[in-house]
Amino acid sequence: MKVLVLYYSQTGQLKDIANNCLSPLVNDDSVDVNFVKVETEHQFPFPWTRLTFFNAFPESVFGIPFKLKPIQVDESKDYDLIILAYTVWYLNPSIPISSLLQNEEAKRIFNGKKVVTLIGSRNMWVLAQERVKRHLKELKADLIGNIVLIDRNKNLVSIITIIRWMFYGKKDPFWGFPRAGIIQEDIESSNRFGEVLLNRLKQNNLSDMQEELNAKGAVEINPSLVILEKRATKLFHMYGNFLIKKGGFFDKERLGRVGLLSYLLPIGAFILSPITTLSSFLISVIKRKELAAEIRYFKQNSLRE
Ligand SMILES: Cc1cc2nc3c(=O)[nH]c(=O)nc-3n(C[C@H](O)[C@H](O)[C@H](O)COP(=O)(O)O)c2cc1C
């Protein structure tokens, strides 16, 4: 059995997740697992500077593709399963993965294939997955599973620890704040999802396996973060348009507006997040049924028309 893992990981966190999650497959002699890193020609720096980090905002939000380095997929291999492992940038799939999903070669790689998505993000991935679902549908691929690992700390706490990690490369705990990123126990125990994949491959039963994955905790959704994500997306589109009017990614002219965003976005998050926690509590009481239906939808793989 052949499994292709397409991934982009900047600091290595998602690669670590993929290694742990897929270890049951890698360690089984009957499965041939090929890891292929997807990279854009433009290298996004790590650690980021304030301007490079926020300059990636419009292209992430609008899914504007970048040129990719050659994708090292052996197309003569007829893969039984593709694992698409991605991180989220500004509530959308990261630029390298979004570029892959819009690349001509992706049409051949994904056509007719069963796909499982593996997400490693801070805590807001729900709308990014909707975008990925749409791309996979266009590519005529069949999404059969989704596995999500997030930083389970409080939203504002993880914003602070991720900023320090992204801008200074420091993940260690400081001033009473926890270590940045997804906790190691969660990464290590993700092999339980790999066991499900392995059993399904062995049984030759690659039909939708989400329920089985969910029973093991593959997709946990915090309703207040879904409400926050939806609100933020509207603002992101407005601000993205404001930036893009000044030019493309490599245009120096837009950097003034990017600088402004670098202050507005964190301030906005700190104002919006507590307000949303309060209002989502009210929404969860008033619109209990709708919210529950919404969460059920995001926990499965079909695409709302
Ligand atoms: C530019 C940028 C924007 C990000 N935006 C989000 C986001 O909207 N939601 C989220 O949950 N995580 C976000 N993250 C965190 C990433 O999804 C990811 O967890 C982190 O970058 C580590 O991934 P790595 O494996 O590529 O190193 C962002 C990271 C970067 C670099």
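This is a predicted model: local features need pLDDT of at least 70, side-chain atom pairs count only at pLDDT 80 or more; totals for chains, interfaces and linings use all residues.
1. How many residues of strand E3 (residues 81-86) are buried? The count is 6 of its 6 residues, and the strand is mostly covered. In a regular strand the side chains alternate between the two faces of the sheet. In E3, Leu81, Ile83 and Ala85 point one way, while Ile82, Leu84 and Tyr86 point the other way, and all are buried.

2. Now zoom out to the whole chain. There are 14 helices and 7 strands in it. The C-alpha trace spans about 55 × 45 × 40 Å along its principal axes. A compact globule with 305 residues would have a radius of gyration near 19 Å, and the chain has 19 Å, so the two agree. Of the 305 residues, 34% count as buried. Among contacts with a separation of 6 or more, 82% are between residues 24 or more positions apart.

3. Next, the domains. The domain assignment divides the chain into domain 1 (2-220) and domain 2 (225-294). Their centres, taken over C-alpha atoms, are separated by 22 Å. Where they meet, 18 residues of domain 1 are in contact with 20 residues of domain 2.

4. Which elements give two or more residues to the side of domain 1 that touches domain 2? They are helix H3 (50-55), helix H4 (57-62), helix H7 (126-138) and helix H8 (155-168). The largest share, 5 residues, comes from H4. By class, this side of domain 1 has 13 nonpolar, 3 polar and 2 charged residues.

5. A cis peptide bond joins Phe46 and Pro47, with omega about -5 degrees. Pro47 lies in the loop between strand E2 (32-37) and H3; H3 is one of the helices listed for the side of domain 1 that touches domain 2.

6. Leu91 is not a glycine, yet it has a positive phi of about 65 degrees. You will find Leu91 in the loop between E4 and strand E5 (92-93). Is Leu91 buried or exposed? Leu91 has 21 other C-beta atoms within 10 Å, and the cut-off for burial is 20 or more, so Leu91 is buried.

7. Asn204 also has a positive phi, about 50 degrees, although it is not a glycine. Asn204 lies in the loop between helix H10 (191-202) and helix H11 (210-215). Asn204 has 8 C-beta neighbours inside 10 Å, and 12 or fewer means exposed, so Asn204 counts as exposed.

Key. Residues are numbered from 1 along each chain as its sequence is written. Domain bounds come from an automatic or database domain assignment. Two residues are in contact if their C-beta atoms, placed from the backbone, lie within 7 Å. Helices (H or I, at least four residues) and strands (E, at least two) are DSSP runs, numbered from the N terminus. Ala, Val, Leu, Ile, Met, Phe, Trp, Tyr, Cys and Pro count as nonpolar, Asp, Glu, Lys and Arg as charged, and the others, Gly among them, as polar. The radius of gyration is taken over C-alpha atoms; the globule rule is 2.2 Å times the number of residues to the power 0.38.
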